[in-house]
Amino acid sequence: MTAVLVVLVGAALLTVVGVGILLLAPPSVAARLLPAAPVVGVAYLVVSLHLVGMLGSSAMGIWIALAPPVAVIAVNAFRSPRRFLLLLRAWRGAVIVAVIGGAAALIALTPQIFAGTSGVVQLTPSNDAFYYVSMSDWLAGHPILDPPDIGSAPAPGHPSPAYGDVWVGLLWGLRIGQELVGGGLASLLGLTGSAAFPGLTALWIGLLPGAAWVLAAVYARGRAAAFASALVVGVLPSTLHQMVNQNADSLLGTSLVLLTIAAVGSAVRGRGRRVPLWLAAGALAAAIGTYTEYLPFLAPVLVAVVLIGHRAELGRALLRGMAIVGLALAFGPLIWFRAVNSLLVVGGVAAAPTSGTPGLRVSVERVLGALPGSAVRDLPGDPNPPAALAVLAAVIVLAGIAIGLVAMRSRGLSVGAGVALVVAFVLAVRSGDYVAGRAVDMVSPILLVVGLIGWQHLVSRFGMHPRRVVVVAIAVVLGAASAATGVQFIRGERLAAASTTNVVDADFAALREWATRASADGTGAGLATPAFFEQLWGSDAMRDLDGVSYVTLRGDLGYRGDTSMTRYWNGVRPDVVIAGPGAFIAADADAVTDVAGRFSRVDFTAGSAVIAVPASGDVQWAWSSSAPVLGGSGGTVLLLTDRPTLAGCTLEIASDVPVSVDEDGPFAEDADLDRVPLTDGAGQVQVWRADGPGPIALEGIRCAP
């Protein structure tokens, strides 16, 4: 399976890169950070690919970025083999983390296992995956400073609308760290963005245990808290929620945020050998470049870590903290420039008035509900472990954060986590469901690890014996709660159904070949379907064919950021039309040249045909399992044909009341198209209900020979 290959090769490559970077640090520091070596590798790649990406593509930049760490490894292998031996002192932790991370990645691959294919890219109606895939593909072939110029219809020099999201993301300055690394890794494996995405998402989840382990190891004595953190973080309900909704940026950003807290804390307040300032700065820049929206939660933690501690060390901690920020700015000037733009855009969205604020009680439930063992929001699997276990897990985590205030070593960390929790509450109370939910997803991994660090300090302070047994017992409770979530998630019937429905399968693979039969760049071919899933992934399958028209296109899905644009087409009927779900055909036998599952290829040069397809306009077509349903009082149906007129053609309409078509009607079931005017082989009719809003279903079209 392709996704498994991406996980294995990606993890190995990132580990090699991370080891190369860690060999530049003091041996004791490198050994402590070894369990998070792949995360260190990602941080390095995010920063370096932003720099190289100003002039070249990520496919080229990945080779340039790999050269320095590989050279460091080679030099040390021949001249300083002892450094490798010192680094390997932490091999046990690295192996434990690899096993736990592998299990977490396997859970993330559950949809692919159900479907028996790596084509489960978009599991839910959320289309985040398409944004990440299109951005990765574009950056794999273009510099960051070269956004696509798409236009409104196919024309020479205008890329496919599959890259419409890229135009929006690059113009608004949205974070692109995950897309740069993902695109670079996909190019190394010879994969497209859509083929690599499921495996990359599982890989990012597999990195979480290593980052959590290192954060706990920096702030707590012993390995119990580190083991407990690694065990639970990969199957947190918030983690599974983000996986299902394709939130790849925030999943990778979480690992980088946990690494940043550990590195900055060690660099400014650590005892013994500290993490070098350059390494902490690189982690900070990478975290911001990967998921800028984490800053409102990360900033209070870092500020508290710097300011709270032994007073005698405050001056030095402030200087080192400022040095880290300065180096982070120097490492990633483009990262921080884009971060400012991104925060202005996202901040405007978060601060915008909303009529759907959840209120304090619901907000409390939502934040606590992100902790281990609680119900996962919006998951197809509907995991819902026993309520008592969920409450116990939440109490354990929050109590651990409070206990952490007692120990000087973790006091700043606990204060920062508490402030981050308050920020999440404020957003949950003031904002709509989406912003509140994302805030919960971001803050919960920090709360988990900080809570376990607090419990580790408690058993160490009061000499509870055996110490490991106490913390491991806590880990068992949290692990059982999260495992219950994970098991029910895997067994969920709706998850299995969704995994086998929204699949980018061989049906889509045929589209490119069908379009190129018309011409090398797809000119003369068009895609016609009102179904947004097929619009998205159909355009992705033909992303390198600049000449393909899209006679229906949902502008609300991110194309060019213009919701009023509902087609990418010059209005002339293409010679070849690929009809997808929701488009209906009345044709001679010779006109339909190919059929691949949900798609049919109609060649108007080979036979006569009429195609009817709903088009979104002022009203929105929704999609059901049986037919496109118009929600509202009416909408548009596009008609494509080679006939001089539509005499003898009839729309088959289902409605509980009579409907009207243009000026004709009312029709109880069917609507004649005799008087529909045609221009360049295309026409349209308006269908509406005279009595106001209600469902109208287009079920087909038939024409007399």
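The model is predicted, so to speak of local features takes pLDDT of at least 70, and side-chain atom pairs count only at pLDDT 80 or more, while totals for chains, interfaces and linings use all residues. Residues are numbered from 1 along each chain as its sequence is written, and side-chain values rest on heavy atoms, with hydrogens and water left out.

**The sheet and its helices**

Let's start with the open sheet: five strands in the order β2-β1-β3-β6-β5, with mixed pairing. Its edge strands, each pairing on one side only, are β2 (549–550) and β5 (592–596). Strands β3 (residues 576–579) and β6 (residues 599–603) run antiparallel and are joined by four bridges; Val577 has Val602 as its bridge partner in β6. Helix α25 (residues 506–518) packs on the sheet and touches β1 (525–528), β3, β5 and β6, with a direction about 10° from that of β6. Helix α26 (residues 532–541) packs there too, touching β1, β2 and β6, and its direction makes about 155° with that of β1.

A word on terms: strands pair if DSSP finds at least two bridges between them. Helices (H or I, at least four residues) and strands (E, at least two) are DSSP runs, numbered from the N terminus. Contact is heavy atoms within 4.5 Å. Axes are lines fitted to C-alpha atoms, for helices over the stretch in contact, and angles run from 0 to 180 degrees between N-to-C directions.

**Aromatic pairs**

The structure holds eight aromatic pairs (ring centres within 6.5 Å; planes under 30 degrees apart are stacked, over 60 edge-to-face, the rest tilted; Trp counts by its six-membered ring).

| Pair | Centre to centre | Angle between planes |
|---|---|---|
| Phe130 and Trp537 | 5.4 Å | 85° |
| Tyr291 and Tyr294 | 6.3 Å | 80° |

Phe130 in helix α8 (residues 128–139) and Trp537 in helix α26 are 407 residues apart, so this pair links distant parts of the chain. Tyr291 is buried at 4% relative accessibility, and Tyr294 at 1%. Elsewhere, ring pairs link Tyr131, Tyr132 and Phe197 into a cluster.

**Around Ser194**

Ser194 lies in helix α11 (residues 193–219) and is buried at 11% relative accessibility. Leaving aside neighbours within four places in sequence, Ser194 is in contact with Val121, Val133, Trp537 and Asp540.

Conventions. Buried means under 20% relative accessible area, exposed over 50%, partly exposed in between (1.4 Å probe, protein chains only).
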